[in-house]
Amino acid sequence: MASSSSSSKTGLKKMLTLKSSDGDEFELEESIVIQCQTIKHMVEDGFSLIPLQNVDTKTLTKIIEYMKKHAEKTESNKEEIKNFNKEFVKGSFDDQFELVSAANYLHINGLMDLLCQSIADRINNKSVRAVREIFNISNDYTPDEEEKVRDEHKWAHEGGEFDESLD
Amino acid sequence: MWKTPKDPNSHKITITETTEGGQVIARVDRISNLPIDIISQFLLRVLPKDAARTSILSKRWQRIWASLPDIYFDNDEVGMLFFGMSVIKRSSCELLVKKWINIALENKVKTLHLAIKTLNYEEPFRLFSGISFSSCSATLVVLSIKDCEISSDSFMLPSLRSLFLYNIMTVDDFIFADFIAGFPRIEELIVEYFPEELDIILVPNPNLNFLNVQYTGCSGKLQIESRKLESLVFSYLRVEVDNYEFEITCTSTVKNLTLQNVLVLERTLNSFINRFPLLENLVIDGCRRDVFSVGGFYDNNLPSLFVSHKNLAKFVLKLGTFNSIDKIVIHAPNLKSFEYYGRLTSFPGIWASRRLKFGKLHLRPKVLNANWYIWLRNILESFAQSKHLCLICRNEQDDVEVISARAKTETQTEANIQ
């Protein structure tokens, strides 16, 4: 494999190695990895082994799964990618915040957008109680303080029914 | 290597325990522990109302939504967007915007740009009530205000150096002098699109160095009392530039004067320019004379100019397509750079400007008369000492052709004489 990493001239695809914070290494084609702006800049600077000290193996595996699929994107498989995205978000529910931090730090715009939208969808039109419940946010206001904040943003709490469901 | 910087606002992760199916499960509040710029990414994707509601989730969330870079509100809600913020007049929304500005002021901002539009033109955003500028009176250095309504006593900002007013509305009893007195140390003042009814622009501030007045409907008097004034720029101004309407206490400090599309009365352009004896840079661009000729058309031809400034180093004169000047007498021994756009104006005296190093002449062959050769020969003689001479001839056919063939017909000749 070592010989393949250096020569695009011979027709072989240029390979890059990503190293997770747990020390695991993943070898990937350059064309897949350059979706990630941070790595793209490193590749341009001549790096071929890229240590990712903020991304653990579990998260990196997920991100590679995403990048591989999206590297296949063409005009004709839009529907397939859409379904993949849907499943990807569903399947990574438990790790969503690790993923979003990693996507932000690696500058993978498509993934960042996908994850943020999925989280935003669970804030949109939800009741305060539901949002606290969904994201395990504990309320550290005293009742008086909470009342004051509610009063300041009265317009945002008025009107319409808010969604109490937890999905 | 690229560790994300530790968020100064990050707090301890909260772990709560809940019982689920008989088992105790530790639940971690991960979202609150994300850096604020990531949380902002979520809030930018929810409706403004929902974003605002997150302020009540916990203390951590209280201010996050208000710090979003762009906040769009749909038509029924507060419309607010910094730099082009629109607000529908509604007490609660307006309060919110004001509160937000107050947060900035309490935190001692040095530079503040406010552009707040209401969707109802009749009721502009009132900058003078509910906002306390006093808390940053010692720190605010640059203030720019756009689209808001101000009153005479809105501000008292002794440390302010630069003020930019754009499309400002004023209360009925507005007095510019009282307003500007709130900025005693101001050095730079830019006024664009001031309301029609403003009669007198009185600037009594002693340190004013740069004044730029543009597109202002002021038809009255402009009075400047600074003793440090160096630069004046007037654009698209309908001010009669004669001695009565322009009162400038100290004209001998002015080094830079730009007049762009200013309407001038007969003979006043001359006397106006010559009131600044120590000018170093003079730009006259497309000024018109405010005189109707018989056919109801403007007579755009400017009277002869007499430019006599011993320090003048740079002179730019751009005449529009329809106006011309017959003669410009130039007496400027230190003139280094001369740029001219226009017809065959004669420039008696320019040959005496021995230091002329840079010349740029834009000519339109179409509008030149038969004397062009003699004219050009004479003017080129004046540039005998120049190091850089640039002659630009643009052949203007009808409009359509100009657009399509500009690159071909535009010829540029640069000659290095000497």
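A contact here means heavy atoms within 4.5 Å. The close-ups below come from a predicted model, where local features need pLDDT of at least 70, side-chain atom pairs count only at pLDDT 80 or more, and totals for chains, interfaces and linings use all residues. Residues are numbered from 1 along each chain as its sequence is written, chains are lettered from A and ligands numbered from 1 in the order in which they are written, and side-chain values use heavy atoms, with hydrogens and water left out.

**View 1. Chain A and its helices.** Chain A carries nine helices and three strands; helices (H or I, at least four residues) and strands (E, at least two) are DSSP runs, numbered from the N terminus. Reading from the N terminus, the elements go β-β-α-α-β-α-α-α-α-α-α-α. Take the chain A contacts between residues at least 6 apart in sequence: 58% of them join residues at least 24 apart. Of its 167 residues, 43% count as buried, where buried means under 20% relative accessible area, exposed over 50%, and partly exposed in between (1.4 Å probe, protein chains only). The accessible surface of chain A is about 9,200 Å², and carbon and sulfur atoms own 49% of that; such areas come from the Shrake-Rupley method with a 1.4 Å probe, and for residues only the protein chains shown count as cover.

View 2. A:Glu146 and A:Arg150 pair up at 3.7 Å, N to O; a salt bridge is a side-chain nitrogen of Lys or Arg within 4 Å of a carboxyl oxygen of Asp or Glu. Both sit in helix α8 (residues 143-152), four residues apart, or about one turn of the helix. A:Glu146 is buried at 15% relative accessibility, while A:Arg150 is partly exposed at 30%. Elsewhere in the chain, salt bridges with shared partners tie A:Lys69, A:Glu72 and A:Glu80 into one network.

**View 3. B:Arg30 meets A:Glu98.** The closest N and O atoms of this salt bridge are 3.5 Å apart. B:Arg30 is in the loop between β2 (23-28) and α1 (36-43) of chain B and A:Glu98 is in helix α5 (residues 96-106) of chain A, so the bridge joins two chains. B:Arg30 is partly exposed, at 38% relative accessible area, and A:Glu98 is partly exposed too, at 28%.

**View 4. B:Arg45 meets A:Asp113.** Here the closest N and O atoms are 2.5 Å apart. B:Arg45 comes from the loop between α1 and α2 (48-53) of chain B and A:Asp113 from helix α6 (residues 109-121) of chain A, so this pair also joins two chains. A:Asp113 is partly exposed, with a relative accessible area of 39%. Over all chains, the salt bridge count comes to 16.

**View 5. A tyrosine patch on chain B.** B:Tyr193, B:Tyr215 and B:Tyr236 make a nonpolar surface patch of about 270 Å². Patches are made of residues with over 30% relative accessible area and no salt bridge, joining like charges within 9 Å and nonpolar side chains (Val, Leu, Ile, Met, Phe, Trp, Tyr) within 5 Å. You'll find B:Tyr193 in the loop between β9 (188-192) and β10 (200-203), partly exposed at 34% relative accessible area. Chain B as a whole has seven helices and 25 strands, and 47% of its 418 residues count as buried.
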